[in-house]
Amino acid sequence: MRTYEYHHIISFEETNLVGNVYYANHILWQGRCREMFIREYAPDILTELSQDLALITLRVSCEYLAELFAFDQILIRMRLGTIKQNRIPMLFEYWRITQDREELVARGEQEIACMRRQGEKLIPTAIPSSLWTALQPYQIS
């Protein structure tokens, strides 16, 4: 199964006083992974976002399996769940990368909805075709 991969090196600013990664950063990395995917595979969506398109986060979660520390290298793998109407579910795996192995350290999920702004309201809308096309190779079979 194909996954989109986002590489990240943890900095001191992402750790807490104890020295491990502050848990909320995992959620930030999910958003960054999603944004880098759009930037790479559906950049026209950026223009639509500056107009009336809104990608609204409906649900987000993360299951922590191991601690991470400053300068750990991680690889976040994103794949697509089953799309339902205007909702896009994304599944994430966080892997610590060392010279000799990969270790699964967390799993996450995020679901977004495609909406259009109409005045003060948000109206559900179909997934833009360029985003739909970009997502298809990453969908779970």
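The dialogue below takes up the core and then the cavity.

Analyst: This is a predicted model, where local features need pLDDT of at least 70, side-chain atom pairs count only at pLDDT 80 or more, and totals for chains, interfaces and linings use all residues. Residues are numbered from 1 along each chain as its sequence is written, and side-chain values use heavy atoms, with hydrogens and water left out.

User: Which residues have the most contacts inside the largest nonpolar core?

Analyst: In soluble globular proteins, nonpolar side chains tend to be buried together. A nonpolar core is a set of buried Ala, Val, Leu, Ile, Met, Phe, Trp, Tyr and Cys residues joined through side-chain atoms within 4.5 Å; buried means under 20% relative accessible area (1.4 Å probe, protein chains only). Here the largest one has 33 residues, and those with the most contacts inside it are Tyr4, Trp29, Phe37, Ile76, Ile88, Tyr94 and Leu131. H1 gives the most to this core, five residues; helices are DSSP runs of H or I with at least four residues, strands runs of E with at least two, numbered from the N terminus.

User: How many cavities of 30 Å³ or more are there?

Analyst: Rolling a probe the size of a water molecule over the atoms shows where empty space is left. A cavity is a set of points, on a 1 Å grid over the protein atoms alone, where a 1.4 Å probe fits but cannot get out; lining residues have an atom within 4 Å of a point. Grid points are joined across faces, edges and corners, and a volume is the space filled by probe spheres set on the points. The count is one cavity of 30 Å³ or more, and the largest cavity has a volume of about 60 Å³. Its lining includes Arg34, Phe37 and Leu131, and H1 supplies the largest share, three residues.

Technical notes: Buried < 20%, exposed > 50% of the residue type's maximum accessible area, 1.4 Å probe, protein only. 1 Å grid on protein atoms, 1.4 Å probe; cavity = no way out; pocket = protein on both sides within 12 Å on 5 of 7 lines; lining within 4 Å.
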